[in-house]
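Please read the following report alongside the sequence and the model.

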Amino acid sequence: MRRYFASLFIFVVLFSGCKDTAVAPKRSRFVATNVHLTLGNPSSAVADPLNYNNYLIEKPQYVLSYSRDNGIPNWVSWHVSKDWLGTAPRQDNFRADETLPADWYRVSPGAYTNSGFDRGHNCPSADRTKSEEDNSATFLMTNMIPQAPDNNRNTWANLEEYTRTLVESGQEVYVIMGNYGSGGTGANGSARTIDGGRIKVPKQIWKVLIILPAGEDDVNRITTNTRVIAVDTPNINGVHADWSNYRTTVDAIEKATGYDLLSEVPEDIQRVIEARVDNGPTQ
């Protein structure tokens, strides 16, 4: 009996010790090594050619997830601050992205010729004017989508200009732009693909802007009061030039795409800012 109680005592001591020192498992946290991924990697893209429809491409000027089979990016993420703006002229040197894996089809500028769709920038040329090199990087075809002319030249151009107005007023902006669906309407009518089926024409084009006063430690400065603009536009000619007509929620874009757009923002803050439709100024 004494041996039984001694064994029981040892068991209780050992169990109590384990209980006191046990550590709950923690979620592995994404660590951004590129400023343009500060708020997260929306589709968990990786730079592995086997991941050919969610292939991570990191440039100094922006980061994107590329789809080999669609010939366009799934999303592009970039940061805009006064550090990125200067007086460098528009380079207009559209060209294939030679950094793609050697056996992949590389979209050329001519692939859009006579298609009725613009070579629509994701990261805009005018967001990268600090140097000619920065501006030139925006003309890689991996940064382009087939965009209806009215959408590109009016609706999107107005939103891009507003973004830079915010920066000039002392803000900094994190931008994520992407697309989903198939089939848009350009100058020549409707199409689901161009370039002999090698480039998908998106049905919808979206953008999310996270706006902060210029500063440091950006993720930790995001609160439930942070202004977030989410816009989702049809890729058609005849689209309204006023982008505010297409304001939506981050939640709605995430539902449509399956992405997690602000994954590095604390979840309690995400729940608030991702569910809210922006009603702030537009110019």
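Buried residues make up 51% of the 283 residues in this chain, where buried means under 20% relative accessible area, exposed over 50% and partly exposed in between, with a 1.4 Å probe and protein chains only. The model is a predicted one, in which local features need a pLDDT of at least 70 and side-chain atom pairs count only at pLDDT 80 or more, while totals for chains, interfaces and linings use all residues. Residues are numbered from 1 along each chain as its sequence is written, and side-chain values use heavy atoms, with hydrogens and water left out.

The pLDDT, which is the predictor's confidence in each residue from 0 to 100, averages 91 over the chain, and 88% of the residues score at least 70. Over residues 1-31, however, the pLDDT is below 50, and beyond near neighbours in sequence this stretch has 5 contacts in the model, a contact being heavy atoms within 4.5 Å. Where pLDDT is low, the predicted coordinates should not be read in detail.

The chain holds 6 helices and 13 strands; these are DSSP runs numbered from the N terminus, helices being H or I of at least four residues and strands E of at least two. Among contacts between residues at least 6 apart in sequence, 69% join residues at least 24 apart.

Strand S11 (204-213) is mostly covered, with 9 of its 10 residues buried. The table lists its pairings, and two strands count as paired if DSSP finds at least two bridges between them.

| Partner of S11 | Sense | Bridges | Example of bridge partners |
|---|---|---|---|
| S6 (residues 171-180) | antiparallel | 10 bridges | Met177 and Lys207 |
| S12 (residues 227-234) | antiparallel | 8 bridges | Gln204 and Pro234 |

Not counting residues up to four places away in sequence, Asp127 touches Trp78, Val80, Trp84, Leu85 and Arg164. The C-alpha atoms of Asp127 and Trp84 are separated by 6.7 Å, although these residues are 43 apart along the chain.

What is the nearest side chain of opposite charge to Arg128? That side chain belongs to Asp127, 5.5 Å away, and Arg128 is buried yet has no salt bridge, which would require a side-chain nitrogen of Lys or Arg within 4 Å of a carboxyl oxygen of Asp or Glu. A polar atom of the Arg128 side chain does lie 2.7 Å from the backbone oxygen of His79. Leaving aside neighbours within four places in sequence, the contacts of Arg128 include His36, Gln61, Trp78, Cys123 and Asp134.

Two further residues concern backbone angles. Most residues other than glycine have a negative phi. Asp195, in the loop between strand S9 (193-194) and strand S10 (199-200), has a positive phi near 55°, and its 17% relative accessibility counts as buried. Asp217, in the loop between S11 and helix H4 (218-221), also has a positive phi, near 50°.

Key:
Lys, Arg positive; Asp, Glu negative; His and termini not counted. Polar contact = N/O pair within 3.5 Å; in protein donor to acceptor, adjacent residues only side chain to side chain.
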